[in-house]
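This briefing concerns a single protein chain.

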Amino acid sequence: MDSKEHRHHRWCSRRCVIISVAVILGIALLLLILGLTVFRPRHTVTTINSVHLGALRVGLDVPHLSVDLNVTLDLDITATNPNRASFRYDTGNAELFYHGGLVGEAVIPPGRVGAEGSVRTNVSLTVMADRLISDATLYKDVISGSVPFSTSTRLPGTVTILGVFKHHMVAYTMCNITVSVQSRSVENSDCRYKTKF
């Protein structure tokens with residue numbers, strides 16, 4: 001009787017251990033599958049919806065072949081988060097280039113994009129006139145009526161999945177734009193987007 005009870009007790013103990021291990025393995029497998037499919041981190045995308053000329057003042061000094069130029073570009077930016085977890089981004093930055101030289105910059109304030117959501121923000125880039133005027137090609141571009149610029153935005157942040165797994169990423173946007181001196185507007189813009197983990 002005792003030996004039967006002992007065997008039965010041992011069998012029940014083994015059964016509990018086997019069931020416990022199977023449950024733990026099942027939960028781990030389920031979390032792994034969810035992590036690789038549903039909760040896999042996806043690229044957050046920063047899109048420049050539009051570029052508007054906020055201010056433009058041009059003055060030509062023909063005898064000295066110099067230009068007095070003040071330009072402010074207003075960027076309408078959307079950060080889109082396709083993840084099923086929120087994306088918190090730190091302070092980002094936007095930069096303005098003229099023929100490869102940095103001529104303007106602005107700060108993108110930190111924020112949060114909800115799961116599968118998007119957030120819009122406006123950033124004003126003011127041209128640093130002293131850097132721009134020192135470029136010899138500016139006079140030619142202003143006379144031709146079109147001034148080419150390029151913009152670059154960088155938005156670093158983190159997606160936290162299931163409150164445990166943190167994935168750091170940086171969303172980049174690069175745009176080539178042309179400002180019309182006569183119409184005081186942006187003639188065209190061509191943008192590229194990428195995200196780095």
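Threonine 173 is buried, with a relative accessible area of 0%, where buried means under 20% relative accessible area, exposed over 50% and partly exposed in between (1.4 Å probe, protein chains only). The model is predicted: local features need pLDDT of at least 70 and side-chain atom pairs count only at pLDDT 80 or more, while totals for chains, interfaces and linings use all residues. Residues are numbered from 1 along each chain as its sequence is written, and side-chain values use heavy atoms, with hydrogens and water left out.

- Threonine 173 is found in strand β9; strands (E, at least two residues) and helices (H or I, at least four) are DSSP runs, numbered from the N terminus.
- Leaving aside neighbours within four places in sequence, threonine 173 is in contact (heavy atoms within 4.5 Å) with Thr46, Thr47, Ile48, Thr151, Ser152, Thr153, Arg192 and Tyr193.
- Threonine 151, one of those partners, belongs to strand β8 (residues 146-161).
- With a relative accessibility of 2%, threonine 151 also counts as buried.
- Beyond four places in sequence, the contacts of threonine 151 are Ile48, Glu95, Leu96, Leu125, Thr173, Met174, Cys175 and Ile177.

**Cysteines**

- One disulfide is found in a search of the whole structure, a disulfide being a pair of cysteine sulfur atoms within 2.5 Å.
- The disulfide is formed by cysteine 175 and cysteine 191, with 1.9 Å between their sulfur atoms.
- Because the torsion about the S-S bond of cysteine 175 and cysteine 191 is about 110 degrees, this disulfide is right-handed.
- Cysteine 175 sits in strand β9 (residues 165-180) and cysteine 191 in strand β10 (residues 185-196), so the pair ties together parts that are 16 residues apart in sequence.
- Cysteine 12 is in no disulfide, and the nearest cysteine sulfur to its own, that of cysteine 16, is 6.7 Å away.
- Cysteine 12 has a relative accessible area of 28% and is therefore partly exposed.
- Cysteine 16 is likewise in no disulfide, its nearest cysteine sulfur being that of cysteine 12 at 6.7 Å.
- Cysteine 16 is exposed, with a relative accessible area of 51%.

**Cavities**

- Two cavities of 30 Å³ or more are present in the structure.
- A cavity is a set of points, on a 1 Å grid over the protein atoms alone, where a 1.4 Å probe fits but cannot get out; lining residues have an atom within 4 Å of a point.
- The largest cavity holds about 60 Å³ of space, a volume being the space filled by probe spheres set on the points, which are joined across faces, edges and corners.
- Its lining consists of Thr46, Ile77, Thr78, Ala79, Tyr89, Ile108, Val119, Arg120, Thr121 and Leu155.
- Strands β2 (66-80) and β7 (118-126) are the elements that give two or more residues to this lining.
- The lining of the largest cavity has six nonpolar, three polar and one charged residues; Ala, Val, Leu, Ile, Met, Phe, Trp, Tyr, Cys and Pro count as nonpolar, Asp, Glu, Lys and Arg as charged, and the others, Gly among them, as polar.

**Positive phi in loops**

- Most residues other than glycine have a negative phi.
- Histidine 99, which is not a glycine, has a positive phi near 50 degrees.
- Histidine 99 is located in the loop between β4 (92-98) and β5 (101-108).
- Glutamate 116 also has a positive phi, of about 50 degrees, although it is not a glycine.
- The loop between β6 (111-113) and β7 contains glutamate 116, which is exposed at 54% relative accessibility.

**Domains and separations**

- The chain is assigned domain 1 (1-40) and domain 2 (41-196), with bounds that come from an automatic or database domain assignment.
- Between the C-alpha centres of domain 1 and domain 2 the distance is 55 Å.
- Arginine 14 lies in helix α1 (residues 2-36) and is exposed, at 52% relative accessibility.
- From arginine 14 to glycine 101, 87 residues apart along the chain, the C-alpha separation is 72 Å.
- Serine 13, also in helix α1, is partly exposed with a relative accessible area of 34%.
- The C-alpha atoms of serine 13 and valine 51 are 70 Å apart in space, and the two residues are 38 residues apart in sequence.

Note on methods:
1 Å grid on protein atoms, 1.4 Å probe; cavity = no way out; pocket = protein on both sides within 12 Å on 5 of 7 lines; lining within 4 Å.
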